[in-house]
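I set down here what I looked up in this structure, entry by entry. The notes begin with a single residue and move on to a helix and the nonpolar cores.

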Amino acid sequence: RAVAMSVSHSSRLNKLVREQYMRLPQDGLVQVTYVWIDGSGEGVRCKSRTLDKEPKGIEDVPEWNFDGSSTAQAEGSNSDMFLVPVRMFRDPFCLDPNKLVLCEVLKYNRKPAETNLRHTCKKVMDLVKDSHPWFGMEQEYTLLGINGHPYGWPDNGFPGPQGPYYCGVGADKVYGRDIVESHYKACLYAGVKICGTNAEVMPSQWEFQVGPCEGIEMGDHLWMARFILHRVCEDFGVVATLDPKPMTGNWNGAGCHTNYSTEEMRREGGLKHIEAAIEKLSKRHDYHICVYDPRGGRDNSRRLTGHHETSNIFEFSAGVANRGASIRIPRQVGQDGYGYFEDRRPAANCDPYAVTEAIMRTTVLNETGVETKDYADH
């Protein structure tokens, strides 16, 4: 009874009935679902329309609009916002030939909405494209029942202490694997560059990894992976939260560790370039903390305590194989002398566009201080 009460009502609808309708032919018409980031900078929204033929590329998907006053992105008196398609994926929910389309949001004057961080990220990535930046982001998240309590936890009390849950196997070790595996398959079908998944240290906490992606592709693929996660969880009747510290006390928080390299870091002798980049990051710690969660570092302050495999938010540190450091150089990279490094500071609810842009501004464009340069005129 406790488990039944923790899932949404809609998840209990008869899915076999839905299947009957999903199998109906579409007679050449295509359903396109437009996906965008709302005014919170964390939530995703979507709506669908019919096209009279299958789009072969993003240029075949028309711009659209939506009511920004209902997504905290506009005033009611001037509420229309533009949806500009930027990347297309296969639709794992309605299946081929239907599509999911990630969109940028523009205001009435065609300027980017406040939470459209892709716009400046794209400019920066275009500037640094010759360095061929590769990223891989590790998205941690926590499954909650519809009541807001971690899924599978006792109604009154807590599970046993952390230890047996990380990469665990068994009904008493992991909760919600059906959701995780469904999300993985859905991402593969969609064309999202998902590359792995595992159970995390806190029970009901999981992680999936996206990458390697080059440049702007990183943010696009991670945002679509998040959308697909929320949609899969909707079908199962539970909630995925990206809160960086969903449970207070002796429980791990949730991050979005970001692995990064440039072409010169990946070549023989690249370790010296990795160390040079880390040196630049060490001098700009405050700036990075400000952009590594949607609230200027306040969310991360609950997570980056120096405990539970985190660094202290007020200090910059780096080390080989050190999960308590701001920056970790994997042991294999230290041995090989080339490869990549991991920035462990971004929060689970970070905007990947903001994170990847900040890393490029500091390590390749050599920006310093807390101010950023506007490259619009270049």
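**Arginine 361**

I looked up the accessibility of arginine 361: at 5% relative accessibility, this residue counts as buried, because buried means under 20%. The model I consulted is a predicted one. I located arginine 361 in helix H11, which covers residues 352-363. I then examined its side chain and found a polar contact, at 2.7 Å, with the side chain of glutamate 357. Setting aside residues up to four places away in sequence, I listed what arginine 361 touches: Val124, Arg284, Tyr287, Asn366, Glu367, Thr372, Lys373 and Tyr375.

**Helix H7**

I checked the length of helix H7 (residues 271-282): its 12 residues, at 1.5 Å a residue, should span 16 Å, and the end C-alpha atoms are 16 Å apart, which agrees. I noted Leu271, Ile274, Ala277, Ile278 and Leu281 as buried in H7. These residues cover an arc of only 120° around the axis, so they lie on the same side of H7.

**Nonpolar cores**

Which members of the largest nonpolar core touch the most others? Among its 66 residues, I found these to be Tyr141, Met224, Ile228 and Phe341. Helix H5 (residues 217-236) supplies the largest share of this core, 10 residues. I recorded that domain 1 (9-115) and domain 2 (125-364) each contribute at least three residues to this core.

Notes
Residues are numbered from 1 along each chain as its sequence is written. This is a predicted model: local features need pLDDT of at least 70, side-chain atom pairs count only at pLDDT 80 or more; totals for chains, interfaces and linings use all residues. Side-chain values use heavy atoms; hydrogens and water are left out. Helices (H or I, at least four residues) and strands (E, at least two) are DSSP runs, numbered from the N terminus. The expected span of a helix is 1.5 Å times one less than its number of residues. Buried means under 20% relative accessible area, exposed over 50%, partly exposed in between (1.4 Å probe, protein chains only). The arc is that of the directions from the helix axis to the C-beta atoms. A nonpolar core is a set of buried Ala, Val, Leu, Ile, Met, Phe, Trp, Tyr and Cys residues joined through side-chain atoms within 4.5 Å. Domain bounds come from an automatic or database domain assignment. A polar contact is a pair of N or O atoms within 3.5 Å; within protein, one must be able to donate a hydrogen and the other to accept it, and residues adjacent in sequence count only if both atoms are side-chain atoms. Contact means heavy atoms within 4.5 Å.
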